Amino acid sequence: MGIEQSLSPGLSSRPMRWLLRRQRTAAPTFDLPRSAWIITAAIVTIATFLVLLFEVRPDYSYGLFLPPVLASGLMLSGRLMGVALAYCCLAFVLVAFIRTPDLTERAATSAIAIGVTAAIVAALDRTWTRSSGISHQVAATLLTDLRQRHEVQTHMPDLPPGWSLDSAVMPAHDEAFCGDVVVGCEVSGVFNAAVLDVSGKGSTAGSRAVLLGGAVSGLLGALEPSRVLPAINDYLVRQGWTDGFATATHVAVDLADGAFSLGSAGHPAAVQFHAGTGRWEAMTTEAGVVLGIIDHLTERDYPRVRGQLLPGDILVLFSDGVVEHKDVDISQGIDRMLGHAEREISSSIVGSAKRICQTARAGETDDRTVVVLRRN
């Protein structure tokens, strides 16, 4: 990729002043989470308490200074860790050398133990920090770029008058990325949308979802609807990802007359609201083969169902995180979602997709995606 860096050959190749230089590549100290400042204050308080404790009980073991030193290395990083380690060592100097200026053997050996422990903690923090092969600055830039790409990919197009569209993607545990991605485009009066669910949850599947979303965005509108899912499958197979399978739903809607074609690849299909009868209908289509497992699949492996959206009709695409739960059958989950969808969409289609995601039985334990399309 051109950004990988080899690890430093050892502490001897660079002086310990890296503790002060790390801020050139890491985020500024004042941008650190509030918890880091609280932990630093707690460690400083504990070290101060130990100084007062040894004034009262000088026979206590100097090993009491080891826990705050270890806590500094395990819970802090960068300049804050250096400050905490320095304060702990200074507190030990006050206890061991001011009270025993003759430098007894107990004080000397304890000083060596504390110093070696602090050096090991600093070395481990440096190794863990650089083990990814890229600097903090490069990692932050890549993360920002991925977020922007994800936002662009999940931005749905503006449809012509007579149609309303709303969509939402909510990652599990409110992470920055997730395994769900929705892609849409409008080309020559035909609206294409695909809801994809990459194996895994949260940021562990986020990078693959971004890559897959970028590839699918180039396929929509460029291929016949029946060829979209086989093309996505071929792309995933070529990637050779370990456990890199995905499920998907693809729909192509003719915005002139409302006729649509819907296909599924191991994914919950869709539900349609019929304004004429006032009822919801779960689209019944044969689930195609999961994407990325078997090579050279054709259109026959991804059968499609056809329908039409009349004025007032609604089509809802969703991911399994909206309807599935370990204690609920998927049919019950769909019925539950339909109850919330009818209420949320009837109030206002704007923001309805997000509100439906928020009512999912799985809560924040799974990624959730909803696309709502209505013919006005």
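A salt bridge is a side-chain nitrogen of Lys or Arg within 4 Å of a carboxyl oxygen of Asp or Glu. By this criterion, the structure, which is a predicted model, holds 2 salt bridges.

## Salt bridges

The residues Arg343, Glu344 and Arg355 are linked in a network of salt bridges. In one of these contacts, Arg343 is joined to Glu344, and their closest N and O atoms are 3.8 Å apart. In another, the side chain of Glu344 meets that of Arg355, with an N to O distance of 2.6 Å. Glu344 belongs to helix α10 (residues 330-347) and Arg355 to helix α11 (residues 352-358), so this pair ties together parts that are 11 residues apart in sequence.

The table gives the relative accessible area of each residue.

| Residue | Relative accessible area | Class |
|---|---|---|
| Arg343 | 46% | partly exposed |
| Glu344 | 13% | buried |
| Arg355 | 25% | partly exposed |

Glu344 counts as buried because its relative accessibility is 13%, and buried means under 20% relative accessible area. Arg355, with 25%, is partly exposed, as is Arg343 with 46%.

## The open sheet

Another part of the model is a sheet of strands. It is an open sheet formed by 5 strands in the order β1-β10-β9-β6-β7, and the pairing is antiparallel. At its edges stand β1 (163-170) and β7 (279-282), each of which pairs on one side only. On average, and with direction ignored, neighbouring strands of this sheet are turned by 15° against each other.

## A nonpolar surface patch

The surface also carries a nonpolar patch. Ile112, Val116, Ile120 and Leu124 form this patch, and together they have about 360 Å² of accessible area. Leu124, one of the patch residues, lies in helix α5, which covers residues 105-130. With a relative accessible area of 38%, Leu124 is partly exposed.

Methods
Residues numbered from 1 in each chain as written. Predicted model: local features only at pLDDT ≥ 70, side-chain atom pairs only at ≥ 80, totals over all residues. Heavy atoms only, no water. Buried < 20%, exposed > 50% of the residue type's maximum accessible area, 1.4 Å probe, protein only. Helix = DSSP H or I, 4+ residues; strand = E, 2+ residues; numbered from the N terminus. Pairing = 2+ DSSP bridges. Axes fitted to C-alpha atoms, helices over the stretch in contact; angles between N-to-C directions. Patch = residues over 30% accessible without salt bridge, like charges linked within 9 Å, V, L, I, M, F, W, Y side chains within 5 Å. Areas by Shrake-Rupley, 256 points an atom, 1.4 Å probe, with all protein chains shown as cover.
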